[in-house]
Amino acid sequence: MTAYVPIIVLGAIALGFAMFSIVAGALTGPRRYNRAKLDAYECGIEPTPQPVGGGRFPVKYYLTAMLFIIFDIEIVFLYPWAVYFDSLRIFGLVEMVLFIATLLVVYAYVWRRGGLDWD
Amino acid sequence: MTVEVLFGLLGVVATGSALLVVTTRQMVHAALWLVVTLGAVAGCYLLLSAEFVAWVQVLIYIGAVVVLLLFGLMLTRAPIGASVDLDASMAQRLAAAVVAGATAGVLVVSLVDAFRGEHIALETDRPRGHSSAVGAALFRDWVLPFEVLSVLLLAALVGAIVLSRRDVSEPAERGVT
Amino acid sequence: MSVFASPDVPGFGSDLPIPWWLLLVKAVAIFVFLVVMTLFAIWWERRVVARMQHRIGPNRVGPFGLLQSLADGVKLALKEDIIPKAADKVVFVLAPIISVTPAFMAFAVIPFGPEVSIFGHRTALQLTDLPVAVLYVLAVASVGIYGIVLAGWSSGSTYPLLGGLRSSAQMISYEVAMGLSFVGVFIYAGSMSTSQIVAAQTQYWYAILLAPSFVIYVVSMVGETNRAPFDLPEAEGELVGGFHTEYSSLKFALFFLAEYINMVTVSALATTLFLGGWHAPFGVTSFWAGANHGWWPIIWFVLKVLIALFVFIWLRGTLPRLRYDQFMRLGWKVLIPSSLGWLLLVATVRAVNAQYNLQSRDVLLYGGAGIVVILLLTFIPDLLATRPSEEPEGEPEWDAMAGGHPVPPMPGQSRPVLTGARASDDDDDLPTEDDT
């Protein structure tokens with residue numbers, strides 16, 4: 001696990017730099033209070049009363065995230081399979097074809113139901 | 001010794017942030033504490049030299065599942081600040097605490113009983129968590145579960161489609177798009 | 001950090017492969033490399049895009065304007081740091097940190113060169129070598145998405161929220177295509193470790209051997225970094241500035257830094273996985289045997305990264321922005337299925353090759369045929385599906401009083417043919433003074 005010590009060191013440097021920047025940005029800049037400046041930016045008009053709480057989003061985003069999880073899981077299985085592939089050969093190929101075929105059924109279903117269409 | 005100490009620390013972080021997930025009154029913050037919990041668990045895997053599983057945990061759970069949760073929150077509403085209307089009643093809290101405590105008790109007792117005092121040496125030179133080792137185990141010994149998993153994924157996605165389609169088609173029937 | 005220095009634990013502390021000072025030097029070197037590359041890339045982008053648009057670009061600060069981005073950074077530091085009233089303060093401050101830290105960390109596994117000796121220590125020019133390096137990069141990059149979605153949400157403002165959501169949906173969509181494009185490389189290299197993948201490319205670069213994988217990777221890396229022509233999250237006409245609309249001062253600079261570091265990282269990943277890593281280009285070794293030894297490989301590595309960055313800039317200077325539905329269709333309906341098909345083809349060829357001992361020349365031949373077949377197969381349904389549906393709705397009826405106001409006909413709409421005595425006089429379609 002020593003391989004992760006350098007990553008922790010690099011992460012610490014990056015984190016330190018980011019936090020330093022944020023603190024420095026607050027200190028070096030001017031502070032001139034102006035009520036309008038602290039409002040949400042909406043092209044110069046008065047901000048709408050409840051931009052976030054009442055705002056709802058197309059369910060498409062949820063479906064996209066769901067599809068993403070499915071394919072991400074597929075990728076996670078593909079990686080060890082690919083690394084180990086030369087020992088598996090035809091057997092591994094058949095296994096993965098079966099796995100991907102099932103997922104292709106899902107994929108075709110989503111496509112047919114318009115889950116991949118954005119308009 | 002260092003590994004044990006680090007493992008314990010990560011465990012404390014995981015448990016502490018898990019408690020914050022259920023106690024914070026801000027929904028998006030709860031999702032963020034969940035990220036911390038899952039990250040700490042990934043750290044535990046890493047300490048057990050299960051490298052592959054650790055990064056899969058980060059990729060799938062942090063990078064995908066909690067993103068889905070956040071999308072779900074923003075899909076409905078994710079107000080900034082505390083959401084008081086989501087507060088559970090005292091009875092609900094008690095019930096939740098009892099259920100959580102009982103589950104934790106069962107898990108702890110059964111795990112402690114199963115592995116009492118047993119030490120499994122970490123294979124640091126060529127660890128079990130190595131991706132080709134995972135590949136060998138998965139695609140030689142556990143072929144059937146792997147294939148069945150694809151059916152599970154199929155069911156999950158069909159469910160998602162059915163749910164979201166109903167959501168989409170209902171306003172359309174009322175003439176609102 | 002002394003907690004790692006305990007001598008009694010295998011795997012920690014004492015058996016650290018390199019001394020502490022060298023580790024620190026390497027980590028700081030990567031940090032400095034990324035910051036310098038960012039400053040340089042911003043300047044380079046502005047100069048190159050300016051040339052492409054017949055302008056000059058920044059040329060005042062320093063030689064050739066090279067210090068322009070540094071001056072911009074100082075300027076940003078002197079701007080007021082605004083936290084909007086409606087923002088979730090903690091998350092608002094946290095978001096840029098979450099965005100920039102993983103961006104730096106992803107670079108830890110990129111090999112800059114082979115082993116060299118630094119003050120008597122033999123060490124590889126790579127911060128750390130993981131057996132799951134590419135998975136690590138993907139995982140860390142997926143954490144970076146949080147910076148964007150949280151920045152959008154915590155601003156408490158409409159445009160950032162929409163921009164953040166779009167951005168993250170876009171990144172997760174293209175992450176799938178990106179992840180799939182690596183599989184072919186893993187099959188050929190038999191490893192996920194970046195150093196071993198580079199070592200496996202001494203003879204052939206995977207960009208040639210696995211050309212479709214490379215093409216898919218290049219498209220998805222542009223989508224993943226939210227760069228033109230896929231810069232929809234920053235579509236000014238629709239979303240102002242996207243997720244960082246409400247950010248100012250050095251917080252904004254951090255997002256900017258993260259975006260450019262991500263560009264450098266995906267370019268470095270393209271170099272490592274597909275363009276032979278730090279290996280010298282073909283032909284160089286034939287007249288210069290030392291090109292792949294010592295410190296020279298850093299030159300090849302940086303050169304390849306710079307070329308990849310130039311492609312980013314070139315794309316930005318050339319292509320118009322896609323519509324969101326076109327972008328999603330490209331990702332989900334073209335890149336992912338062709339990627340899956342291609343990797344099955346690679347696996348089949350590889351398995352048959354291993355089973356029947358074919359020559360690698362045959363593999364290339366099958367591969368080349370496969371490229372053509374796959375590309376044709378993916379484009380045919382796409383062409384058939386979209387064209388007819390767009391034609392019929394080209395000319396909707398012109399409603400002269402749409403929305404309660406008199407409106408002129410839109411492009412594609414035509415004024416209805418007037419009937420009656422006066423209509424026969426003016427055949428021309430232009431409105432005139434007495435044409436009321």
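In the predicted model, strands 1 and 2 of chain C form a hairpin with 2 residues between them. Phe119(C), which lies in the turn, has a positive phi of about 50 degrees. Strand 1 covers residues 113-118 and strand 2 covers residues 121-125, and the two pair in the antiparallel sense over 5 bridges. Within this pairing, Ser117(C) stands opposite Arg122(C) of strand 2.

Besides these 2 strands, chain C has 14 helices. Of the 436 residues in chain C, 46% are buried. Among contacts in chain C with a separation of 6 or more, 73% are accounted for by residues 24 or more positions apart.

Chain C also contacts chain A, with 75 residues taken from chain C and 58 residues from chain A. On the chain C side, the elements that give two or more residues are helix 1 (20-52), helix 3 (89-105), helix 5 (158-189), helix 10 (249-274) and helix 13 (324-356). Helix 13 of chain C provides the largest share of this side, 14 residues. By residue class, the side of chain C that touches chain A divides into 49 nonpolar, 14 polar and 12 charged residues.

Helix 13 of chain C comprises 33 residues. From its first C-alpha to its last, helix 13 of chain C reaches 47 Å, close to the 48 Å expected at 1.5 Å a residue.

Methods. Residues numbered from 1 in each chain as written. Chains lettered and ligands numbered in written order. Predicted model: local features only at pLDDT ≥ 70, side-chain atom pairs only at ≥ 80, totals over all residues. Contact = placed C-beta atoms within 7 Å. Helix = DSSP H or I, 4+ residues; strand = E, 2+ residues; numbered from the N terminus. Nonpolar A, V, L, I, M, F, W, Y, C, P; charged D, E, K, R; others polar. Expected span 1.5 Å × (residues − 1). Buried ≥ 20, exposed ≤ 12 C-beta atoms within 10 Å, placed from the backbone. Pairing = 2+ DSSP bridges.
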